[in-house]
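Thanks for coming, everyone. Let me put today's structure up on the screen, and then we can walk through it together.

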Amino acid sequence: MAIIRAEKTKGFTVMSNSHLRDRSITRKAKGLLSLILSLPDGWGYSLKGLAKLNTDGIDGVRSAVQELEDAGYIIRRQRR
C-alpha cells in the first residue's frame, strides 16, 4: 500500500504519539486531547467551549476531561 504525503504548510498539528498509543485511555479521550492540542495558544478552554467543537455534548466532554485528568494528561484549575 502506498503512503501519500502532502506538503504541510498550514492547518495541521504536530503532536506526540504517546497519548494515541496509551491503552489506558479511551478513543474519546484521545480524540479530545488531540483536539485540545490542535487549538491555538490562548484559546479559552471550557467544557462548554469544547462541547461546541464536537458531537459528544457537555457530559461526554466532561467524562473525557475527567479521564484525561485522572491519567495525568491535563491539569485543571478553576478561575473565577
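Let me begin with a question: which residues does Leu 32 touch, not counting residues up to four places away in sequence? The answer is Leu 50, Asn 54, Val 61, Ala 64, Val 65 and Leu 68, where contact means heavy atoms within 4.5 Å.

Before going further, a word on what you are looking at. This is a predicted model, in which local features need pLDDT of at least 70, side-chain atom pairs count only at pLDDT 80 or more, and totals for chains, interfaces and linings use all residues. Residues are numbered from 1 along each chain as its sequence is written, and side-chain values use heavy atoms, with hydrogens and water left out.

Now the overall layout. The chain has four helices and zero strands, and from the N terminus on the order is α-α-α-α. Helices (H or I, at least four residues) and strands (E, at least two) are DSSP runs, numbered from the N terminus. The chain has 80 residues, and 25% of them count as buried. By buried I mean under 20% relative accessible area, with exposed being over 50% and partly exposed in between, using a 1.4 Å probe and protein chains only. Among contacts with a separation of 6 or more, 41% come from residues 24 or more positions apart.

Back to Leu 32, then. Leu 32 belongs to the largest nonpolar core, which has 13 residues. Along with Leu 50, Val 61, Val 65, Leu 68 and Ile 74, Leu 32 is one of those that touch the most other members. Helix 2 (27–38), helix 3 (47–52) and helix 4 each supply at least two residues of this core. To be clear on the term, a nonpolar core is a set of buried Ala, Val, Leu, Ile, Met, Phe, Trp, Tyr and Cys residues joined through side-chain atoms within 4.5 Å. As background, nonpolar side chains tend to be buried together in soluble globular proteins.

Is Leu 33 buried or exposed? Leu 33 is buried, at 5% relative accessibility. Leaving out residues up to four places away, Leu 33 touches His 19, Leu 68, Tyr 73 and Ile 74. Take Tyr 73: it sits 40 residues from Leu 33 along the chain, yet their C-alpha atoms are separated by 8.2 Å.

Thr 13 is in the segment before helix 1 (18–21), and is partly exposed at 34% relative accessibility. Thr 13 and Leu 39 are 26 residues apart in sequence and 8.9 Å apart from C-alpha to C-alpha. Setting aside neighbours within four places, Thr 13 is in contact with Leu 37 and Ser 38.

For those who like tryptophans, Trp 43 lies in the loop between helix 2 and helix 3. Trp 43 is partly exposed, with a relative accessible area of 24%. Beyond its neighbours within four places in sequence, Trp 43 is in contact with Gly 49, Leu 50 and Leu 53.

On to charges. How many salt bridges does a search of the whole structure find? It finds two, a salt bridge being a side-chain nitrogen of Lys or Arg within 4 Å of a carboxyl oxygen of Asp or Glu. In one, Arg 62 pairs with Asp 59, and the closest N and O atoms are 2.9 Å apart. These two residues are about one helical turn apart, because they are three residues apart in helix 4 (residues 57–71). Asp 59 is exposed at 56% relative accessibility, while Arg 62 is partly exposed at 39%.

In the other, the side chains of Glu 69 and Arg 76 meet at 3.1 Å, N to O. Glu 69 is partly exposed at 28% relative accessibility, and Arg 76 is partly exposed too, with a relative accessible area of 40%.

That is my tour, so over to you for questions.
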